[in-house]
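Please keep the sequence and the structure in view while reading.

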Amino acid sequence: MSRRGQSAVVVLEAWHSRTSGRQSAKERASASMSGAVLFFIVVIGWVVLLFMMFSSGVSFIRITTYESRSVPEEKKREVIPVDVAVYYETLCPYSREFITSKLLPAYLRAPELMNLSLVPYGNAETKVTAGGYEFSCQHGLRECQGNKVHSCAVELLEDPTAQLQYVACTMRGEDDPVESGRACARSMYIVWEPIMDCAEGPLGNELLYANGVRTRSVRPKLKGVPTITLNGIRQKSTVVWNDLLGEVCKLFEDPKPEECLRRPIHDVKNATSGVY
């Protein structure tokens, strides 16, 4: 090869080397810039994420703590309330004491555990006549009237809690069931006229007659009031008098409802002594 040819090769190689160096520098610069942009995006992302976590951190912690303490779904089960029927007379002093000082506090403590039925009739008697019914009550005509007022209130008031509170209110009052019924209706914001119209009309007679049929069906036969049945079974008076809620709780299988676990269960053997 001639000297001129050799010179051309040398010049070409130098140009190629210079061009390659320039391209490598550009590529390195581009890669470096891409890495910087990616790093900047990651940093911004972390900053935003940390800001969101700290700004909502309190509620996040509360929700997590609440959910961690909740009862697992598999341990929850439906609570079927116990049927609690109370057979009583409106002017009987023992019925008054039981309903106002025993039944009402127990029911308000755990209404979801009881399916309550109030049956005012007691030791009354019914005579079927051509015009309807004639009632004879243990404490006289006023008690028959009071039994009708209670029967109508239970029929017309849909809420069992309101039924019991109204009945208890009237039994704390005077011996005049109409006056106490009117006063309690006013204090509880209940419309009195429908109750009174029911008690003085044929519906009141029909309701009291039905209560008599139900009362006479209790076995063993009802002798005194108040008489209480749990799931249709008549209970020993001293036991339910001392601890109605305890006797209700005994009828639930394990695991017991939460309200039953918060209190001691009454010992049936010591029912008359009040020992827990």
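## A buried cysteine

Cys92 has 5% relative accessibility, so this residue counts as buried. Buried means under 20% relative accessible area, exposed means over 50%, and partly exposed lies in between, with a 1.4 Å probe and protein chains only.

The model is predicted: local features need pLDDT of at least 70, side-chain atom pairs count only at pLDDT 80 or more, and totals for chains, interfaces and linings use all residues. Residues are numbered from 1 along each chain as its sequence is written, and side-chain values use heavy atoms, with hydrogens and water left out.

## The disulfides as a set

How many disulfides does a search of the whole structure find? The search finds four, a disulfide being a pair of cysteine sulfur atoms within 2.5 Å. With bonded cysteines counted along the chain, the pattern is 1-2, 3-6, 4-5, 7-8.

## Cys137 and Cys144

Cys137 and Cys144 are joined by a disulfide with an S to S distance of 2.0 Å. The torsion about their S-S bond is about 120 degrees, so this disulfide is right-handed. Both Cys137 and Cys144 are buried.

## Links between helices

The sulfur atoms of Cys152 and Cys198 are 2.0 Å apart and form a disulfide. This pair links distant parts of the chain, 46 residues apart: Cys152 is in helix H4 (residues 141–156) and Cys198 in helix H7 (residues 192–200). Helices (H or I, at least four residues) are DSSP runs, numbered from the N terminus. The torsion about the S-S bond of Cys152 and Cys198 is about -75 degrees, so the disulfide is left-handed.

Cys169 is bonded to Cys184, S to S 2.1 Å. The link of Cys169 and Cys184 is left-handed, with -90 degrees about the S-S bond.

Key
Helix = DSSP H or I, 4+ residues; strand = E, 2+ residues; numbered from the N terminus.
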